[in-house]
Amino acid sequence: MLSYLVFFACIVLILGVLTLALNLQWGFTGLFNAGVVGFYAIGAYTHAILTAAPQAQYIGNFGLPWLVGVLAAMATSALAGWLIGLVTIRLRGDYLAIATFGVAVSIQLVALNWEPLTGGSQGLTRIGKPLAHLFDTPFGFNLWFLGLMIVLMVTIYWALDRVLMSPWGRVLKAIREDETAAVALGKSARRFRLEAFVLGSTLMGLAGALYVSFIGFVSPFDFLPIVTFQVWAMLIVGGSGNNRGALLGALVVWAIWAGSGVLVSKLVPPSRAAQGAAVQVILIGLFLLLVLLFRPRGLIGEAAVVSRHVTD
Amino acid sequence: MIQALADGILTGAIIALGAIGVTFTLAIMRFANFAHSELLTWGAYLALVVVAFAGPGTPTGPLSFGWQLLAAALIAAILTGLAAWAVDLLVFRRLRRQGAMPLTMVFAAFGAALVMRHLIVLVWGHESRYYTRELQMAVELLPGVRVLPDQMFILGLALAAMIALHAFLAWSRTGIAMRAMAESPALAQVCGVEVEAVVRLTWIISGALAAFAGVFVGLTPQLHPEIGFNLLLSLFAAAIFGGTGSLAGAVVGGFLVGLGENLSLLVISPGYKGAMPFLLLLAILILRPQGIFGERK
């Protein structure tokens, strides 16, 4: 039980990084990224290809150190975010959603089909884990990874808080609220949006690298469009525009997802596994629609900020 | 090469039918309905229910099915139209009344799509299903170009549906009201167009056409819960290609996307076919975001 809780907490924290990244793009900047899983996958595969133990049949698998993989994962997903952002950021909101959705589908196809690099449907195994040789048991490693994740999460949360309170972060909100006014003040809406998009993509890539270095293998079936949906559900349920809400949403939604998974596997015979999984998705979909309809602000909505210069 | 052209035209007809609904929701409801592809799936499976009761009918002429399947498609079209309207009543209309942003609607559509698709999985599972087990011989239309008689029939039926819709939009009062809403909802309302009635009709027509598209996909040759979802990007590419709110645009866009997908198979491996509509979409958005028939705002 304890070992499962540690595992659960690690996954929630990794998904929490994704949700914070999406909150930066959607909650604070108003960019509809429907391809979250694409950037997550880029980070995951970059890390896997660079750090996995060498094998003759693959181009990659360089066996590089863990930290190199993580940094490179952030760099490639930042680059991908920049390229995609250059083309799509000027589009109207729902076109951006369609375009980013297409990006994620294409990336998944590449992961599935470019076998010499990505291992195809087999995926890649023996991926670099941080300091794994120091631990004898999986539990010991998971416990250490949890500690690492907590430190990382506190750092990211603090850094995002600083960034959003800075003049740069305030311009983001200004553009989201009233683009014309912000542009009239001489702020380039396009540049700020692109910067926020790239920063969010970088964090998504980091989350991908953390995920595969925790699990130890990478498979294209971990990067299906449903992941994008789950991350969105976490953000909307928790409350977009609020980082504490984003983290709470990650916890609540993943608890419902994992809990219903356990329940379904207990109640549904294995021959009906597909139906059981369908029930899980229907539950989370309904939950999300109900939140949208009856509590559109989410569990903790965005806090109203009033300038200190305003006096009654 | 010519075979790829023929295949492209056939897929194009199906994409066009689906894209008509997408383009109207984009223009009239003002949001990208990610759940539209699931209406195709629902239509296909609703027809399967009717076929399960009535049977696909004895093969007529060179076709692999009889009139019963056409009746099933018609019933499925009506039911899917009503289902599309029901989703609007349950979800989208409530959000509209709350004054939700268009992007909230897109997100709700995401949720609705997941629920709709997995309801199908819940009932029928992931296995492939068939309307009919009849085997069919391809006929050689031109030297080296083989087409199934079913496919020719589908193409004819799809074109007939498009022409009927065009006549309806061009000449009937309700059709003109729909086009007015697509142009400018505020102006249409001032002119006395009943907004809710137009919205209802838009959903029913979109759902019905999507159901036909779904049945056609299922007929050539099988149906599974992802038939709609796999076409999602193609539908959006076609709708945006044609310019939102334009029937002719959606039809032309549909054929171009269908041709693009099939011709690309001559140069790329089939594994990447799913990325083609995305690349086409990206090209359109960069070169001409308002679409070929759209006007620059």
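Which pattern does chain B follow, read along the sequence? In this predicted model, chain B runs α-α-α-α-β-β-α-α-α-α-α-α-α. That amounts to 11 helices and 2 strands. Chain B has a radius of gyration of 19 Å, close to the 19 Å that the globule rule gives for 297 residues, so it is as compact as a globular protein of that length. The C-alpha trace of chain B spans about 55 × 45 × 35 Å along its principal axes. Of the 297 residues in chain B, 52% are buried. Among contacts in chain B with a separation of 6 or more, 76% are between residues 24 or more positions apart.

Chain A can be read by its domains. Domain 1 covers 2-223 and domain 2 covers 224-302, and their C-alpha centres lie 20 Å apart. Across the boundary, 25 residues of domain 1 of chain A are in contact with 18 residues of domain 2. On the domain 1 side, helices H1 (2-27), H2 (36-51), H4 (93-113) and H6 (138-165) of chain A each supply at least two residues. H1(A) gives the most, with 12 residues. By class, this side of domain 1 has 18 nonpolar, 6 polar and 1 charged residues.

The last step is the contact between the chains. Here 31 residues of chain A are in contact with 36 residues of chain B. H4 of chain A supplies at least two residues to the side that touches chain B, as do helix H10 (225-238) and helix H12 (273-294) of chain A. That side of chain A divides into 24 nonpolar, 6 polar and 1 charged residues.

Notes
Residues numbered from 1 in each chain as written. Chains lettered and ligands numbered in written order. Predicted model: local features only at pLDDT ≥ 70, side-chain atom pairs only at ≥ 80, totals over all residues. Domains from an automatic or database assignment. Contact = placed C-beta atoms within 7 Å. Helix = DSSP H or I, 4+ residues; strand = E, 2+ residues; numbered from the N terminus. Nonpolar A, V, L, I, M, F, W, Y, C, P; charged D, E, K, R; others polar. Rg over C-alpha atoms; globule rule 2.2 N^0.38 Å. Buried ≥ 20, exposed ≤ 12 C-beta atoms within 10 Å, placed from the backbone.
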